[in-house]
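Here is a quick tour for anyone meeting this structure for the first time. Take a look at the model, then read on.

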Amino acid sequence: MTEGPGPDTPEERPPQDAPDEPQAEAPQAEAPPEAPDADAPDEAPDEAPEEASGAGGEGQPGLRASIEAILLVVDEPVAEITLAQLLERPRGEVAATLRELAAEYTEQGRGFDLREVAGGWRFYTRDVCAPVVERFVTDGQQARLTQAALETLAVVAYRQPVSRARVSAVRGVNSDGVMRTLTLRGLIENAGQEPETGAHLYRTTGYFLERLGLRDLGELPELAPFLPDDLPEDIVEET
């Protein structure tokens with residue numbers, strides 16, 4: 001009755017040790033080849049901001065920003081071909097961007113819109129904002145001219161070209177600050193220098209005539225009826 005080894009003999013134990021073999025492979029499954037994944041997020045941010053903001057490269061504005069900047073400073077419509085040549089981009093791309101901007105401004109209900117007129121493009125205030133703009137132009141601008149500014153402007157208008165020192169002498173007070181304000185407002189401008197003294201001379205501008213509704217300086221009213229009786233004789237003669 002000699003039989004093979006029983007179930008408890010050492011020869012039958014290897015099958016029980018079989019589950020231990022996969023444990024040797026566990027470190028291979030846990031080995032983290034994560035270096036490529038760690039670099040992946042660095043690539044996405046390089047592209048996303050360029051598409052979202054229209055960036056044109058490091059330190060360079062994108063096409064949309066460049067078009068907006070140019071149109072903000074022009075005083076007449078700019079043609080698509082002119083923008084394309086200036087920005088060195090295809091005309092079709094510039095035209096498409098202009099129409100995208102115009103549609104975007106309209107959709108957002110901005111106070112201005114981008115219109116194609118007279119063979120070019122230019123910013124305009126939106127029609128529904130006309131009452132607000134008109135009120136600002138007719139009321140706000142007039143209210144901001146102080147009495148001192150009006151006096152100084154009148155002296156320049158009737159005595160031009162005239163130096164700041166002469167304006168101050170006529171008014172009896174230093175007028176340098178007011179003269180700078182009128183220059184910034186575009187109502188007076190530099191008219192060269194006085195040959196004898198080298199002092200800067202000033203005159204009124206075309207914008208001054210436009211605001212007063214005059215065709216030329218010849219339409220200014222006579223000044224003599226408005227002069228006070230005690231005005232110095234030399235000033236009366238020069239007027």
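Before we start on the strands, one term: two strands count as paired if DSSP finds at least two bridges between them. Keep in mind, too, that this is a predicted model.

With that in hand, go to strand β1 (residues 112-117) and strand β2 (residues 120-125). They run antiparallel and are joined by six bridges.

Three strands line up in the order β3-β5-β4, with antiparallel pairing. On the edges sit β3 (162-163) and β4 (188-193), each of which pairs on one side only. Two bridges hold the antiparallel pairing of β3 with strand β5 (residues 200-204), and S163 is found opposite L201 in β5.

Now step back to the whole chain. How many helices and strands does the protein chain have? There are 12 helices and five strands. Of the 239 residues in the chain, 22% are buried. The accessible surface is about 16900 Å², and carbon and sulfur atoms account for 53% of that. As for contacts between residues at least 6 apart in sequence, 40% of them join residues at least 24 apart.

| Helix pair | Angle | Distance between axes |
|---|---|---|
| α5 (residues 80-87) and α6 (residues 91-108) | about 115° | 9 Å |
| α8 (residues 147-159) and α9 (residues 164-171) | about 120° | 10 Å |

Start with α5 and α6, whose crossing is right-handed. On the α5 side you'll find E80, I81, L83 and A84, which meet R91, V94, A95, L98 and R99 in α6. Sorted by class, that contact has six nonpolar residues, three charged ones and no polar ones.

Then move along to α8 and α9, which also make a right-handed crossing. Here α8 brings A148, E151, T152, V155, V156 and R159 to the contact, while α9 brings R166, V167, V170 and R171. What is the class make-up of the contact of α8 with α9? It has five nonpolar, four charged and one polar.

How values were computed. Residues numbered from 1 in each chain as written. Predicted model: local features only at pLDDT ≥ 70, side-chain atom pairs only at ≥ 80, totals over all residues. Heavy atoms only, no water. Axes fitted to C-alpha atoms, helices over the stretch in contact; angles between N-to-C directions. Helix = DSSP H or I, 4+ residues; strand = E, 2+ residues; numbered from the N terminus. Left-handed = near helix turned anticlockwise from the far one by under 90°. Contact = heavy atoms within 4.5 Å. Nonpolar A, V, L, I, M, F, W, Y, C, P; charged D, E, K, R; others polar. Buried < 20%, exposed > 50% of the residue type's maximum accessible area, 1.4 Å probe, protein only. Areas by Shrake-Rupley, 256 points an atom, 1.4 Å probe, with all protein chains shown as cover.
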